[in-house]
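I am opening a notebook on a structure that is new to me. My plan is to look up one place at a time and to write down what I find.

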Amino acid sequence: TKTVIHSYESPTSITGDHLHAYAIEVSSLQVHELEQMRSGEQHWYRADQAPPVLNDAIAFVGSWLHELPWFPDEAALRSSDYYVYPWSIQLHGVRPSAATLIFVRPADKMVFYVSGET
């Protein structure tokens with residue numbers, strides 16, 4: 001089962017600019033399940049071990065988190081308490097211009113989804 005604890009959806013502009021975020025409590029979430037879900041470069045990363053492009057995407061979405069008091073802050077999201085799945089990262093040159101990231105905190109079975117574009 002799952003329960004949406006918090007959600008936020010900004011209006012989406014004609015150019016696609018938006019911020020969508022959700023906090024979802026799930027009934028089961030085990031670290032070993034996350035670590036087994038590997039398909040090439042598409043897999044869960046422990047947040048404190050994220051590769052450079054994913055670190056840039058975390059910083060990109062982190063710039064909006066002050067608007068979401070219920071969402072973990074960027075420092076927390078980079079800790080070993082979280083795993084992150086890069087659903088999509090769009091670059092403008094070498095900097096993210098859009099990202100959809102899914103974070104999980106296994107300790108209390110929480111999932112945090114964030115999607116932003118500028």
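I began with Ala107, which I found in the loop between S7 and S8; helices (H or I, at least four residues) and strands (E, at least two) are DSSP runs, numbered from the N terminus. Ala107 counts as exposed because its relative accessibility is 80%, where buried means under 20% relative accessible area, exposed over 50% and partly exposed in between (1.4 Å probe, protein chains only). I also looked up Arg46, 61 residues from Ala107 along the chain, and the C-alpha atoms of the two are separated by 13 Å.

Before going on I noted the terms of the model: it is predicted, local features need pLDDT of at least 70, side-chain atom pairs count only at pLDDT 80 or more, and totals for chains, interfaces and linings use all residues. Residues are numbered from 1 along each chain as its sequence is written, and side-chain values use heavy atoms, with hydrogens and water left out.

Next I followed the strands on either side of that loop. Strand S7 (residues 95-105) and S8 run antiparallel and are joined by 8 bridges; two strands pair if DSSP finds at least two bridges between them. In their hairpin, which has 4 residues between the strands, Lys109 takes a positive phi near 60°. Leu101 has Val114 as its bridge partner in S8.

What joins S2 to S8? I found 8 bridges, with the two strands running antiparallel, and Tyr113 is the bridge partner of Tyr22 in S8. S8 is mostly covered, with 6 of its 8 residues buried, while Tyr113 counts as partly exposed because its relative accessibility is 26%.

I then turned to the rings, and the structure holds 7 aromatic pairs. Rings of Phe, Tyr and Trp (its six-membered ring) pair if their centres lie within 6.5 Å, and planes under 30 degrees apart count as stacked, over 60 as edge-to-face and the rest as tilted. The pair of Tyr22 and Tyr113 is tilted, because the ring planes stand at 50°, and the centres are 5.5 Å apart. This pair links distant parts of the chain, since Tyr22 lies in strand S2 (residues 18-26) and Tyr113 in strand S8 (residues 110-117), 91 residues apart.

Tyr82 and Phe112 form another tilted pair, at 6.4 Å centre to centre with 50° between the planes. Tyr82 sits in the loop between helix H3 (74-77) and strand S6 (83-92), 30 residues from Phe112 in strand S8.

Which residues have the most contacts inside the largest nonpolar core? In this core of 24 residues they are Leu54, Phe71, Val84, Leu101, Phe103 and Val114; a nonpolar core is a set of buried Ala, Val, Leu, Ile, Met, Phe, Trp, Tyr and Cys residues joined through side-chain atoms within 4.5 Å. S2, helix H2 (52-62), S7 and S8 each supply at least two residues of this core, and its largest share, 5 residues, comes from H2. Leaving out residues up to four places away in sequence, Phe71 touches Ala21, Tyr22, Leu65, Leu77, Phe112, Tyr113 and Val114, where contact means heavy atoms within 4.5 Å. I also noted a second, separate core of 11 residues, which includes Ile24, Trp44, Ile102 and Val104.
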